[in-house]
Amino acid sequence: MPVPVNLSSQSLQMARSLLQRGWLQITLESFPMVIVMLIAFLGNALVLWAVKRNPRLRTTPNYYITALALTDVLMSFLVMPLSLSVLIAGRWPYSEASCSYHGYTATTLGSASLFILTLTSVNRYFKVVRPNLYRKYFKVKPVLTSLSLAWLAAFVWPIYFLLKGNFRYHPGKFCCIYDLDDVSVAEGLALNMTFALFTFSIISSSYFRIFLTIRKHKANLNNRPNNSPRISAKDLNVTRLLFIVVVFYVLCWLPVLIVDTTELFTGKYSFPRQVYQLYSYMVGVNSAVNPVVYAFFNREFKTEFNRIVRLGNRKNNFARLVIEKENPTDMFADNEAQLNRSKMFTLQLAMRTKAEIFTELVVFLLVGLIGVCGNFLVLLVISLTPSLRTISNFYVASLSAMELLLSLFIWIFIPKVVLKGKWTFGDALCQFLGFITAMLATGSIYSMALIAINRYFLMVKSNLHRKYFTKRNAYISIAVSWILAGNFPVSYMLLGNKFKFHPGKGVCIFDVTKLNLVHAFLTGFFNIQLPYLIISCCYFKIYQRVKEHNALLRHSGGVNGSGSGISAKEIKVTKLLFAIVLSYTICWTPFYVIDLVGVFLSQFFAPRLVYVFYSIVVGSTIAISPIIYGVFNRELKGEIMSPSEEIRCEKYQL
């Protein structure tokens, strides 16, 4: 019979929330875990089987890939099923010994993945930067020995938590994990310094040196003597593949590092249950994403996968054969590769079937229709309803105006591109579209930052809100955000660059290969990292303030005796706006990841379907806000859906 796992008083409320879910919520939360678990197991098993079948895949870099696939298979087989059973049952249905096993196994396998990726980066460093030493140190026996030591270290260090009895059930993360309440700040920081900072420093420095070497290699390619060492196209491809694996690993494990580090100082259960769910989902996604990366970015693995599952993509192979016939050199080799890949994407765009054209056309028209109609209605309701003309809604209106313009451009240009399979509007309109979309996309992020700052002052610094957030200041800040939104496209064009039609993305957009490191860093910092840092800090402070407010209400029996409480209406509006920010972040993540990787690799490093997904997901952001307003805000929904021509101003407020 299962033995109940001890829960602290802090976790009872979260455990009760997990246990009291309805069947619909249980299904919605469990289904993604089932999908991730199946992809992780089948995909990584396919990797192992491919290496076993094909002796040509048994290369030194693939030893690391095989070891990583083995850890992911074990994660999907030994760890994920127990987490899935918790999601279904709503509690830990096993013994305390099983809880210790679960926590120890998950920690061991996660550590093994990190150690293997560190060894992989060192291997790539010596192969690209120190090729004269590579043959000496990276023979089969030393590689297998280093992997064995990595596994041994991963097995040994979690024993410390196991002997202390620190692995305990966490109802938010729906798994057993080391209890942060029993870990001192010094211990936690020491672990982070050892495993996160040390390993990621090695990985970052290795790939940075590799990047510098490759850039130098490309710059000197035409002037290099015939007898000087060269970096082969195959080594470049393998290095790019493994770098992409590292990027996805960092993205998946970053929430884990942030949450665990924060809780060292704030204590357990400092976040809502949904944040902990994302925490555990991302760990599972990390195990599932690697075989997908191999299938997309490594031709040898992709070919072997096709042989195993008997799936071939004849159309893409035909396009590749056409290009190779025109230029028989390696399609991924340095400067010629960009032209070859662009030609192949153009051919694939022109060779789509009627079903593919119809599907893409319907998706883009649907997104454009929702964006145009939804954002127009939001602007109309706010402009015609005096009670909705609040400071908060001025910023919402600014965001909706940007989304409306983007929606119009999607409706005007993209349908013809989808139908014709090429850009037919001329270079001048291509430059205009590239400029205006870059400006509006940047302005959307600035608008969300202004919304977050406004909510911060309203919820946390309410005594200063009336002083600083007047209508005049709101208009000025919105105007400034629209002007500053042009900083990226203006600087891009001032550097002598032009916007180009991307046959994969289907739009005119900046060429990521034309961004130098300084420009890319400054642009990313001021237009992405800094606004999102402001947004994160504001909403975190708001969350703490609302948490204190709720605790005060519980202690006072639901009566706020201080008179300085937060109204339920403001809390609902803040949740609504936070949902918009969260949805934007999810949709724009593919944009950041793909373009960031493209800065270091190439403009066409991924298959065309990846870029189609890129455009659809990024484009869907224009339709998100009105859907959230209509679904989650009953007052605005009633105003929009009202059949009366006269808007009832006095009744509704966002």
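Biologist: Which helices each supply at least two residues of the nonpolar patch?

Modeller: In this predicted model, helices α6 (140–156) and α7 (159–164) each supply at least two residues of the patch. Helix α6 gives the largest share, four residues. The patch is formed by L149, L152, F155, V156, I159, L162 and L163, with about 650 Å² of accessible area together.

Biologist: What makes V156 partly exposed?

Modeller: V156, which lies in helix α6, has a relative accessible area of 45%. Buried requires under 20% and exposed requires over 50%. The value for V156 is 45%, so V156 is called partly exposed.

Biologist: Why is S30 called buried?

Modeller: The relative accessible area of S30 is 7%, and the limit for buried is under 20%; S30 is therefore buried. S30 is placed in helix α2 (residues 23–53). Beyond its neighbours within four places in sequence, S30 is in contact with L84, L87 and I88. A polar atom of the S30 side chain also lies 2.7 Å from the backbone oxygen of I26.

Biologist: How do you know that G103 is buried?

Modeller: G103 has a relative accessible area of 0%. G103 is found in helix α4 (residues 96–128) and, not counting residues up to four places away in sequence, touches F167 and C176.

Biologist: What makes the link of C99 and C176 a disulfide?

Modeller: The sulfur atoms of C99 and C176 are 2.0 Å apart, and a disulfide requires a distance within 2.5 Å, so the pair qualifies. The link is left-handed, with -115° about the S-S bond. This pair connects distant parts of the chain: C99 is in helix α4 and C176 in strand β2 (residues 175–178), 77 residues apart. C99 is buried at 1% relative accessibility, and C176 is buried at 2%.

Biologist: How do you know that C430 and C508 form a disulfide?

Modeller: Their sulfur atoms are 2.1 Å apart, and the cut-off is within 2.5 Å; the pair therefore counts as a disulfide. The link of C430 and C508 is left-handed, with -115° about the S-S bond. C430 is in helix α16 (residues 426–459) and C508 in strand β4 (residues 507–509), 78 residues apart. C430 is buried at 4% relative accessible area, as is C508 at 0%.

Biologist: How many disulfides does the count come to, and what pattern do the disulfides of the protein chain follow?

Modeller: The count comes to two disulfides. With bonded cysteines counted along the chain, the pattern is 1-2, 3-4. C537 is in no disulfide.

Biologist: Why is the sulfur of C538 too far from that of C537 for a bond?

Modeller: The closest cysteine sulfur to that of C538 is in C537, 7.0 Å away. A disulfide requires sulfur atoms within 2.5 Å, so the distance is too far for a bond.

Biologist: Are C537 and C538 buried or partly exposed?

Modeller: C537 has 43% relative accessibility and counts as partly exposed, whereas C538 has 10% and counts as buried. The limit for buried is under 20%; C538 therefore falls within this limit.

Methods: Residues numbered from 1 in each chain as written. Predicted model: local features only at pLDDT ≥ 70, side-chain atom pairs only at ≥ 80, totals over all residues. Heavy atoms only, no water. Buried < 20%, exposed > 50% of the residue type's maximum accessible area, 1.4 Å probe, protein only. Polar contact = N/O pair within 3.5 Å; in protein donor to acceptor, adjacent residues only side chain to side chain. Contact = heavy atoms within 4.5 Å. Patch = residues over 30% accessible without salt bridge, like charges linked within 9 Å, V, L, I, M, F, W, Y side chains within 5 Å. Areas by Shrake-Rupley, 256 points an atom, 1.4 Å probe, with all protein chains shown as cover. Salt bridge = Lys/Arg side-chain N within 4 Å of Asp/Glu carboxyl O.
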